[in-house]
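I opened a new page in my notebook for this one. Here is what I looked up, in the order I got to it.

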Amino acid sequence: MDKKESKLAIYWTLVKSTFILSAFTIGGGYVIVPLMQKKFVEELNWIDSEEMLDLVALGQSMPGALAVNTSILIGYRIAGVTGALITLLGTVSPPLIIITIISYFYMSFRDNPIVDALMLGMQVGVVAVILNVVFNMVKDVLKRKDNVNILILVGAFIAAFVFDVNVIAIIFVAGILGFINNRMKGEV
């Protein structure tokens, strides 16, 4: 396989993977991100788990949808600007197609009790997947045994859920504290 064929194979894998993940994932970024991690970290071994965690954190801090931001970052990390564009296309196409179809038929099934029950069931499934993501992210932070990062994690949780601090302020403060921590350890 020559270099051009190799690049085309990577591009095809990127667009196919992100398209399939996006098409069959209901619940947004917090649901698709662990599936992206499974695909690109565990199956393809293109990114390690720590770098994936960093890409997700960066994707969360950017404006826009988490799934789209993270897929762009993954695509860029794997195949540069072309990879970013390909993963963007693969990630946004399924919802665009599905929403177009749904909007066309919306009036005929908006009050259907079966559709209503299906949507409620999907919400329960989404909560389970989000809890799984939170558990895995916390587990990764605890694995590092970095007490400062653990304190940042606990502090961010308390600030958000106990004191209802604005998420932007939490991200900003946690980012600064994480930068200072890594700078002191010589990692930045």
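I started with the side chain of Thr 13: one of its polar atoms sits 2.9 Å from the backbone oxygen of Ala 9. I am working from a predicted model, where local features need pLDDT of at least 70, side-chain atom pairs count only at pLDDT 80 or more, and totals for chains, interfaces and linings use all residues. Residues are numbered from 1 along each chain as its sequence is written, and side-chain values use heavy atoms, with hydrogens and water left out.

Next I asked where Thr 13 lies. I found Thr 13 in helix H1, residues 3-23. (Helices are DSSP runs of H or I with at least four residues, strands are runs of E with at least two, and numbering goes from the N terminus.)

Is Thr 13 buried or exposed? I noted it as buried, because its relative accessibility is 19%; buried means under 20% relative accessible area, exposed over 50%, partly exposed in between, with a 1.4 Å probe and protein chains only.

Then I checked what Thr 13 touches, leaving aside neighbours within four places in sequence: Leu 44 and Trp 46 are in contact with Thr 13. Contact means heavy atoms within 4.5 Å.

I zoomed out to the chain. I read off seven helices and zero strands, in the order α-α-α-α-α-α-α along the sequence. The C-alpha trace spans about 60 × 55 × 25 Å along its principal axes. Of the 188 residues in the chain, 28% are buried.

Last, I looked at contacts between residues at least 6 apart in sequence: 55% of them join residues at least 24 apart.

Notes
A polar contact is a pair of N or O atoms within 3.5 Å; within protein, one must be able to donate a hydrogen and the other to accept it, and residues adjacent in sequence count only if both atoms are side-chain atoms.
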